[in-house]
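Have a look at it first, and then we'll walk through some of its parts.

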Amino acid sequence: MGTNGSTMLEPLRQGLPPIDPSAVSGSATCALPARYEAVGGARQFTRVTLSGWGLSERFDDVALVVSELVTNALRHALPTGAPREPQDPAVRLHLMRWTSRLVCAVRDPSQASPVASEAEDSAESGRGLFLVDSFSDSWGWHPSPVLTPESASGGPTTRGKVVWALFRLSDPV
């Protein structure tokens, strides 16, 4: 338990990825059901999308991060026993590509910030955000703005959050 004032991860970063959202050159979105089998579907969606963008060589790192973010959303962000509206998928995976950046983002219904903790050496889980931090170039989270009829007069309301990870791509030759 004892650390010398530093933890494995710095306090969680909140904010948007440091890129211009209007310059996106490709994007793809996938709705995922509230079942752990969705992680495999997220990996397959990522494989097909990256292949279509000519980024197959980045699949291993990106798929590992996608798997961790989706697993965290399913494990920690979904209310237990709450009925879900069919038109409101539990978790959404977004992949966005810029010329020199790739962002994967997972939206879930929880407003609670992601919590990183140090897992015991023998633990079978608890290292997800450490892996995200290790395999991506940066990551963070922000509340997810949602436009609802009730919010039309007062602006967007917040429902859920988006956890994102950014990967730098090699510059085109």
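What follows is a short tour, from the whole protein down to single residues.

Keep in mind that this is a predicted model: local features need pLDDT of at least 70, side-chain atom pairs count only at pLDDT 80 or more, and totals for chains, interfaces and linings use all residues. Residues are numbered from 1 along each chain as its sequence is written, and side-chain values use heavy atoms, with hydrogens and water left out.

**The big picture**

The protein has three helices and five strands, where helices (H or I, at least four residues) and strands (E, at least two) are DSSP runs numbered from the N terminus. Take the contacts (heavy atoms within 4.5 Å) with a separation of 6 or more: 71% of them are between residues 24 or more positions apart.

**Strand 1**

In a regular strand the side chains alternate between the two faces of the sheet. Strand 1 runs antiparallel to strand 2 (residues 91-97), and seven bridges join the two; strands pair if DSSP finds at least two bridges between them. Ser27, for instance, sits opposite Met96 in strand 2.

**Two helices**

Which residues of helix 3 (residues 128-135) are buried? They include Gly128, Leu129 and Val132. These three lie on the same side of helix 3 because they cover an arc of only 95° around the axis, going by the directions from the helix axis to the C-beta atoms.

Over in helix 2 (residues 59-77) you'll find Thr71. A polar atom of the Thr71 side chain lies 2.7 Å from the backbone oxygen of Ser67. Beyond its neighbours within four places in sequence, Thr71 is in contact with Tyr36 and Val39.

**Some buried residues**

Here are three with their values.

| Residue | Relative accessible area |
|---|---|
| Thr71 | 17% |
| Cys30 | 15% |
| Cys104 | 1% |

What about disulfides, meaning pairs of cysteine sulfur atoms within 2.5 Å? A search of the whole structure finds zero.

Notes
Buried < 20%, exposed > 50% of the residue type's maximum accessible area, 1.4 Å probe, protein only. Polar contact = N/O pair within 3.5 Å; in protein donor to acceptor, adjacent residues only side chain to side chain. Disulfide = S-S within 2.5 Å.
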